[in-house]
Amino acid sequence: MIEEEWEPTEADLREPSTPEGNQSLVDLNRLCNYPFYSVMLDWNGDVMLCVQDWNKKVKMGNIASDSLFDVWRSSGLRKHRNVLKKGKRVLLPCSECNTNGILHGGNHVKRWMDYNI
Ligand code: SF4
């Protein structure tokens, strides 16, 4: 029954809308809201900057030794937020990322800016 539930459907197997190798160019002057509302927790406890960091280039901590709350407020994450809110994708992995980045999280950015963090 579980297998039936999770068996991929034809829709799951369809071609991606943007085929690999045909991605849009990276725009280094572009806002991104991801680190204002999310991080990526990996299987081994690593807290990565972003779910879009497919090659896992930027690790912010590990919950085996760091509290998730401390990582969330860490200088590393603040550094990324500070450049991204200015529309600068200058730090890895953002400097290699063409994700839209502003579909969600606009309110989170405003709240972080209210607190001047
Ligand atoms: S620019 Fe890309 S890698 Fe950087 S935080 Fe946004 S989505 Fe993640």
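**Close-up views of a predicted model**

**View 1. The surroundings of the ligand.** Around the ligand sit Cys32, Tyr34, Pro35, Cys50, Gln52, Asp53, Arg89, Pro93, Cys94, Cys97, Thr99 and Gly101; a residue is near a molecule if its C-beta atom, placed from the backbone, lies within 6 Å of it. Sorted by class, this shell holds 7 nonpolar, 3 polar and 2 charged residues. Here Ala, Val, Leu, Ile, Met, Phe, Trp, Tyr, Cys and Pro count as nonpolar, Asp, Glu, Lys and Arg as charged, and the others, Gly among them, as polar. Please keep in mind that this is a predicted model: local features need pLDDT of at least 70, side-chain atom pairs count only at pLDDT 80 or more, and totals for chains, interfaces and linings use all residues. Residues are numbered from 1 along each chain as its sequence is written.

**View 2. The whole chain, for orientation.** The protein has 5 helices and 3 strands. Helices (H or I, at least four residues) and strands (E, at least two) are DSSP runs, numbered from the N terminus. Read from the N terminus on, the elements follow the order α-α-β-β-β-α-α-α. Of the 117 residues, 15% count as buried; that label needs 20 or more other C-beta atoms within 10 Å of a residue's own, while exposed means 12 or fewer and partly exposed lies in between, with C-beta atoms placed from the backbone.

**View 3. The largest nonpolar core.** Its 10 residues are Cys32, Tyr34, Val47, Leu49, Cys50, Met60, Leu77, Leu84, Cys94 and Cys97. A nonpolar core is a set of buried Ala, Val, Leu, Ile, Met, Phe, Trp, Tyr and Cys residues joined through C-beta atoms within 7 Å. Cys50 touches Tyr34, Pro35, Met40 and Pro93, not counting residues up to four places away in sequence; two residues are in contact if their C-beta atoms, placed from the backbone, lie within 7 Å.

**View 4. The three-stranded sheet.** The 3 strands make an open sheet in the order β1-β2-β3, with antiparallel pairing. At the edges are β1 (40–41) and β3, each of which pairs on one side only. Between β1 and β2 there are 2 bridges; two strands pair if DSSP finds at least two bridges between them. Leucine 41 has valine 47 of β2 as its bridge partner.

**View 5. The two sides of helix α4.** Leu77, His80, Arg81 and Leu84 are the buried residues of α4. They lie on the same side of the helix because they cover an arc of only 100 degrees around the axis, taken from the directions from the helix axis to the C-beta atoms. An α-helix has 3.6 residues a turn, so residues three or four places apart point the same way. The buried residues of α4 pack against α2 (34–37), β3, α3 (68–72) and α5. On the other side of α4, Ser75 and Lys79 are exposed.

**View 6. Two backbone details to look out for.** Most residues other than glycine have a negative phi, and most peptide bonds are trans. Lysine 56 has a positive phi of about 50 degrees although it is not a glycine. This lysine 56 belongs to the loop between β2 (46–48) and β3 (59–62), and is partly exposed, with 13 other C-beta atoms within 10 Å. The peptide bond from leucine 92 to proline 93 is cis, with omega near 0 degrees. Proline 93 is located in the loop between α4 (75–84) and α5 (106–114).

View 7. Asparagine 98 and leucine 25 are 73 residues apart in sequence, yet 6.4 Å apart in space, C-alpha to C-alpha. Leaving out residues up to four places away in sequence, asparagine 98 touches Gln23, Ser24, Leu25 and Val26. Serine 95 lies in the loop between α4 and α5 as well, and counts as exposed because it has 12 C-beta neighbours inside 10 Å.
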